[in-house]
Amino acid sequence: MITVVTDDGVRLAADVDECAAPRLAVVFAHGWVLNREAWRFQRRALAGTATLVRYDQRGHGGSAPGAEGSLTVPRLGDDLAAVIERTVPPQ
């Protein structure tokens, strides 16, 4: 597990499965009241084909909730951008 710290200081839990020759990265973003473990079957099916990134959105699984009022759709987008920046290898 790695921790991604967002620009507002929230700590997001993420797992990265590296690929020997990554030409592709797949970032899994779960729905409400789920966590990064929801992707276990997809992770198994795609193992070795791409860098696989699974993360817990704020307030879910191993991630911190953030400040009151920070659970918004734009904030989720910013969090996803932070996860991609921190975990997806440059091409």
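R58 and D79 join through their side chains in a salt bridge, with N and O 2.6 Å apart. This pair connects distant parts of the chain, since R58 sits in the loop between β4 and α2 while D79 belongs to helix α2, 21 residues away. The model is a predicted one. R58 is buried, at a relative accessible area of 1%, and D79 is likewise counted as buried at 1% relative accessibility.

In total, the structure contains 10 salt bridges. Three of them are listed here.

| Salt bridge | N to O distance |
|---|---|
| R58 and D79 | 2.6 Å |
| D56 and R36 | 2.3 Å |
| D8 and R75 | 3.9 Å |

D8 lies in the loop between β1 and β2, and its partner R75 in helix α2, 67 residues apart. D8 is partly exposed, at 37% relative accessibility, whereas R75 is buried, with a relative accessible area of 12%. A network of salt bridges links D7, D8, R58, R75 and D79.

S70 is located in the loop between β4 (51-55) and α2 (73-87) and is buried, with a relative accessible area of 10%. Beyond its neighbours within four places in sequence, S70 contacts D8, R58, P65 and R75. Its side chain also makes a polar contact with the side chain of R58, at 3.0 Å.

Notes
Residues are numbered from 1 along each chain as its sequence is written. This is a predicted model: local features need pLDDT of at least 70, side-chain atom pairs count only at pLDDT 80 or more; totals for chains, interfaces and linings use all residues. Side-chain values use heavy atoms; hydrogens and water are left out. Helices (H or I, at least four residues) and strands (E, at least two) are DSSP runs, numbered from the N terminus. Buried means under 20% relative accessible area, exposed over 50%, partly exposed in between (1.4 Å probe, protein chains only). Contact means heavy atoms within 4.5 Å. A polar contact is a pair of N or O atoms within 3.5 Å; within protein, one must be able to donate a hydrogen and the other to accept it, and residues adjacent in sequence count only if both atoms are side-chain atoms. A salt bridge is a side-chain nitrogen of Lys or Arg within 4 Å of a carboxyl oxygen of Asp or Glu.
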